[in-house]
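Hi,

Here is the structure I promised to pass on. Please open it first; my notes follow below.

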Amino acid sequence: MDKDSNRFTFIFSSIMVVVVAILLSVAAISLAPFQAKNVRIEKMENILSTVGIVAQNDEAEKLFDEHIVHQVVLDVDGQPTTADVAAFEIDLKKELDKARTGKASSQLFPLFVCKKQADTFYIIPVRGKGLWGPIWGYVALESDMNTIYGASFGHDKETPGLGAEIDTPAFEKQFSGKKLFNDKGEYVSVETVKGGAAPANPHAVDAVSGATITSDGVSEMLNRTFTSYLAYFKTKRTGADQLARSN
Amino acid sequence: MSTTIEKKPPSEPKTSFFSARHKKLLGDPLNDNNPITVQVLGICSALAVTVKMAPSIVMAIAVVVVCAFSNLAISLIRNIIPNRIRIIVQLTIVATLVILVDQVLKAFVYDVSKQLSVFVGLIITNCIIMGRLEAFAMANKPWPAFIDGVGNGVGYGIILVMVSAAREFFGSGELMGYRVVPQALYDTGYFNNGLMIMPPMALITVGIIIWIQRSRNRKLIEDK
């Protein structure tokens, strides 16, 4: 057959497409478990990094089991549920989608309780919108449910040098020691402030210059997420409040 | 930036696996016909992934694999590729290989694949690969085409590794992530050169490599 005829060109390209498709599907399916494991390990590393535990690839699973003593799943009222999903397996994206599709009442909020030496930390996953795509992160609170111990952020495709700076230690470090509640016990969250936050302000950090939308996204993400946990914080904070009043 | 079609002499006797011609195919791209320093192809990825040595070595291996196997595949089917869609066929094969490499990296060296991010995908557009397919694989038998692919991939990789070694050493004081500049030197007032981490220094480093290579290799000096 003439290899430059239309018929042969069609036959050739059809066969090529089928062969390539089969090859790629086989590869994608057979490699999927390995890739999923890497994503899990990365998530564990990110969670642990908020409390200052650095895990190398192989140790992440071991350290995670060792330090994360509790995985709590909260319902919309901030009450621990008996839902038979582990907090680690909850896909935050799906939970947030529920709010948009009118199923907000069935939202679940994961929480990790971490023990490091004598201290207990509460690690909350957060997820929001940046400029080009999703941003996410983990925030570790101290046992007073007020002071942020550490935070780690990630992003999908924020602009390098601008929005992408949110996952650098320089940005993340600012959150340590910031407070969610003011002296009167009212919730104020932590905001990113353009042009630099006053160092003494316990509720503000410097926004990333030139990345207004990503920075605002971080503020929105933190404020919205913590709001969902307020009821739970309250149950844990009653003890702390009484202590503060008696002083 | 031009490549000429290297036609095989019609009456070449049967050659062994590593004949002089094959050695030349393998050796030429390393020096006399280096894809980066002589043909000046594939520059953009060379600039982008050379901050640290580890990712550039992975990138180099990825390009060698893609270049060699796409050359091999195209050469195997070169006689039945319809002429009018040959570029699309080449592109499909390169894209398939690149996706495979990307998937394998994601599965087994996740950290590195995150650092290389989009640049593995961009191997598809690396002019070296398409250039070799058009210029060599379409007109040669599978084994020479495979060797040619390895040669060009390695030629690209060598430059990548050289540039990244220089940038990591001067920019971070490390090689392969291990500290090599002693602390004592920092104590006496030595600083890492922050500019080395920036992309422009990659271009300047490549330029210096081209300069050194041209001054040593007489064949590359152009007639006035």
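Chain B has a radius of gyration of 19 Å, which agrees with the value near 17 Å that a compact globule of 224 residues would have. Bear in mind that this is a predicted model. Along the principal axes, the C-alpha atoms of chain B fill a box of roughly 65 × 50 × 30 Å. Of its 224 residues, 35% count as buried. Take the contacts in chain B with a separation of 6 or more: 78% of them come from residues 24 or more positions apart.

Next, the elements. Chain B contains 10 helices and 2 strands. Their order from the N terminus is α-α-α-α-α-α-α-α-β-β-α-α.

One helix pair in chain B deserves a look. The axes of helix 3 (residues 53-76) and helix 8 (residues 142-172) of chain B come within 8 Å. They cross at roughly 165 degrees. Angles over 145 degrees count as roughly antiparallel, so that is how helix 3 of chain B lies relative to helix 8 of chain B. The crossing of these two helices of chain B is right-handed. Their contact has 19 nonpolar residues, 9 polar and 2 charged.

Now the interface. How many residues of chain B are in contact with chain A? There are 16, and they meet 16 residues of chain A. Helix 4 (residues 86-108) of chain B gives the most to this side of chain B, with 10 residues. By class, the side of chain B that touches chain A divides into 10 nonpolar, 4 polar and 2 charged residues.

Last, one residue in chain A. A:Y122 sits in strand 3 (residues 119-129) of chain A. Is A:Y122 buried or exposed? It is buried, because 23 other C-beta atoms lie within 10 Å, and the cut-off for buried is 20 or more. Leaving aside residues up to four places away in sequence, A:Y122 touches A:L111, A:V113, A:L141 and A:M145. A:K3 is another matter. A:K3 and A:Y122 are 119 residues apart along the chain, and their C-alpha atoms are separated by 67 Å.

Best wishes

Technical notes:
Residues numbered from 1 in each chain as written. Chains lettered and ligands numbered in written order. Predicted model: local features only at pLDDT ≥ 70, side-chain atom pairs only at ≥ 80, totals over all residues. Contact = placed C-beta atoms within 7 Å. Helix = DSSP H or I, 4+ residues; strand = E, 2+ residues; numbered from the N terminus. Nonpolar A, V, L, I, M, F, W, Y, C, P; charged D, E, K, R; others polar. Axes fitted to C-alpha atoms, helices over the stretch in contact; angles between N-to-C directions. Parallel < 35°, antiparallel > 145°, perpendicular 65-115°, else oblique. Left-handed = near helix turned anticlockwise from the far one by under 90°. Rg over C-alpha atoms; globule rule 2.2 N^0.38 Å. Buried ≥ 20, exposed ≤ 12 C-beta atoms within 10 Å, placed from the backbone.
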